[in-house]
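Please read the following note with the sequence and the model open beside it.

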Amino acid sequence: MSPATSGAGGRTEHQFHFGATLPIGPVPAGTNVLVEGASVDGTDRLLDQLLTTGRSPGEAAVLVSTDGAPQPSRRQFREADNVGLVCCGVNADETVPDEVIAASVASPGDLTGIGIQFSKTADAVSVGGGSVRVGVDSISTLLMYVEDARSVFRFVHAFTGRIAAMNGLGLFVVDPDAHDDRTMAMVRGPFDGRIQLRTGESGPELRASGFGGQPSDWQPFDL
Amino acid sequence: MSATILCVDGDADRRAETAETLSSVAPGPTDVTAVGSVEGARATVASTPVDCAVSEYDLPDGTGMDVASAIREHCPDAVCVLYTSAPHDEVDTSGAGEVIVEFVPRGSTGGETELVSLVESLLRMRTHTAYPVPADESGRVAAVEAYRPVADDASAALDRLTEMAATHFGTSLTFVTFMFEHEQLMLEQVGEGPTLLPREDTVCTYALLEDGVVVIEDLQSDPLFAANEALGEAGLRFYAGTKLVSPGGHVIGTFCVMDEEPRTFSDAERSMLAAFGEEAMEQLDLRRRLADAPEVER
């Protein structure tokens with residue numbers, strides 16, 4: 001992992017917390033984390049927890065959903081307060097509750113449009129100037145839709161830079177088994193740390209690394 | 001860190017105001033060039049590299065997206081920002097989905113402060129590159145710049161090495177490179193090819209980040225390089241490269257072979273390529289130490 005975004009934008013004292021349900025310690029503002037796992041193991045539900053649990057008053061969350069709108073079963077995100085959504089490929093207004101501030105982009109291949117609609121949504125949900133958690137689900141979908149992987153990398157690099165500059169928390173999902181080692185090495189470059197997800201013998205387990213004070217072993221948790 | 005910023009706005013008063021705002025980008029010095037049109041922007045970046053472009057969306061002969069596209073063509077690593085009073089939803093990205101721009105609303109409370117803060121952060125982090133940047137990139141760039149003055153002195157020795165490597169490996173292109181901040185320069189090469197390439201177009205840019213000799217047997221079937229037009233147009237399919245590592249531990253360039261056909265590369269060939277790279281580095285370092293040594297009185 002490169003320290004490309006570490007300390008960028010002059011970090012504040014703010015830290016992001018995740019409550020008692022996730023075995024993850026506080027994460028400093030301006031951090032970008034790669035969430036590595038397969039969707040069958042529940043990366044979408046883990047992302048929803050990371051975006052919505054343990055938030056301080058005024059903290060907002062924005063989810064960039066690259067594969068349509070979040071399913072109705074993702075109630076934790078859809079029913080949370082102070083959240084925004086950028087949907088790719090569907091009309092967000094028709095698919096999410098009215099309380100969710102939503103924007104749409106025609107296709108996951110419109111990386112520039114995703115960035116602009118994120119800017120609009122983040123401005124709308126952080127009216128009080130609170131910190132923003134940003135989820136992107138997923139980089140794997142972008143790599144499927146965009147022919148030139150370098151464009152996806154420029155997008156990820158620019159987006160993580162923007163999140164660091166605004167002292168937010170970036171949470172980008174990728175399925176490592178869907179890509180070759182060289183592509184994964186490129187994808188991991190801009191991130192400060194990662195959270196790996198797997199299904200262990202007794203249920204879901206995660207391991208956080210790259211940002212200080214995290215348990216080094218696989219930790220069971222409820223998903 | 002000095003920065004060159006291009007400011008684009010069709011309205012002269014607004015353009016002057018934005019240019020004045022951008023002149024305060026820290027730590028400076030900041031050189032701001034202001035133009036009023038897409039064509040003006042295109043002409044500027046065709047002759048003068050910029051680190052950042054800040055553009056209004058609506059322009060007399062196009063949009064800020066046209067400016068961003070021109071920037072990506074000439075200065076692919078530059079930070080591109082739309083600083084505009086146009087609403088988000090009016091920005092048409094349909095023809096520029098992979099250009100990537102930042103969006104800062106003009107006229108909002110604190111908009112100027114946000115613009116300056118964002119440009120400062122993104123210039124410092126170099127976040128609009130289409131490739132990973134090594135951890136100590138500023139140290140690495142300083143290291144390669146220190147070897148630039150001795151490239152001519154080492155030319156004959158490097159030429160002999162590339163000739164020997166081309167004969168040994170039987171590849172169609174053999175070369176030694178310096179990897180500067182934004183471009184790869186071919187110091188010596190056997191075979192046809194451009195001498196200067198944008199960093200994002202080269203395989204070596206990615207090889208810098210990997211350990212040992214990097215071999216890609218078929219570039220066309222590799223997910224990272226299959227869509228690389230520069231490689232496709234050159235008809236290159238095979239790559240093997242080793243890093244040139246300075247005594248200070250910085251990667252300053254590469255020693256590479258490429259070919260028009262996919263092929264394998266044995267362990268013995270990897271060892272031999274690594275040896276060619278080490279010899280090239282020694283030749284460069286010898287010239288640098290000679291250049292740094294005090295002149296001996298005769």
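1. Basis of the note. This is a predicted model, in which local features need pLDDT of at least 70 and side-chain atom pairs count only at pLDDT 80 or more, while totals for chains, interfaces and linings use all residues. Residues are numbered from 1 along each chain as its sequence is written, chains are lettered from A and ligands numbered from 1 in the order in which they are written, and side-chain values use heavy atoms, with hydrogens and water left out.

2. Extent of the interface. In chain B, 46 residues are in contact with 36 residues of chain A (contact means heavy atoms within 4.5 Å). The two chains bury about 3300 Å² between them, and 55% of this lies on carbon and sulfur atoms. Buried area is the accessible area, taken with a 1.4 Å probe, that two parts lose on being put together, summed over both.

3. Seven salt bridges are found across the interface of chain B and chain A; a salt bridge is a side-chain nitrogen of Lys or Arg within 4 Å of a carboxyl oxygen of Asp or Glu. A salt bridge joins the side chains of D201(B) and R150(A), with 2.9 Å from N to O. Between chain B and chain A, 23 residue pairs are in polar contact, both residues being at pLDDT 80 or more. A polar contact is a pair of N or O atoms within 3.5 Å; within protein, one must be able to donate a hydrogen and the other to accept it, and residues adjacent in sequence count only if both atoms are side-chain atoms.

4. The structure holds zero disulfides over all chains, a disulfide being a pair of cysteine sulfur atoms within 2.5 Å. For C88(A), the nearest cysteine sulfur belongs to C87(A) and is 7.4 Å away. Buried means under 20% relative accessible area, exposed over 50%, and partly exposed in between (1.4 Å probe, protein chains only).

5. A buried asparagine. N32(A) lies in strand β3 (residues 31-36) of chain A; helices (H or I, at least four residues) and strands (E, at least two) are DSSP runs, numbered from the N terminus. N32(A) is buried, with 0% relative accessibility. Its side chain reaches the backbone oxygen of T160(A) at 2.9 Å.

6. Cis peptide bonds. D137(A) and S138(A) are joined by a cis peptide bond with omega of about 10°. S138(A) is in the loop between β7 (132-137) and α4 (139-145) of chain A. In chain B, the peptide bond from A26(B) to P27(B) is cis, with omega near 0°, and P27(B) is in the loop between α1 (12-22) and β2 (30-35).

7. Positive phi angles. N82(A), although not a glycine, has a positive phi of about 55°. N82(A) sits in the loop between α2 (75-78) and β5 (83-88) of chain A and is partly exposed, at 34% relative accessible area. I100(B), also not a glycine, has a positive phi of about 70°. Is I100(B) buried or exposed? I100(B) is buried, with a relative accessible area of 4%.
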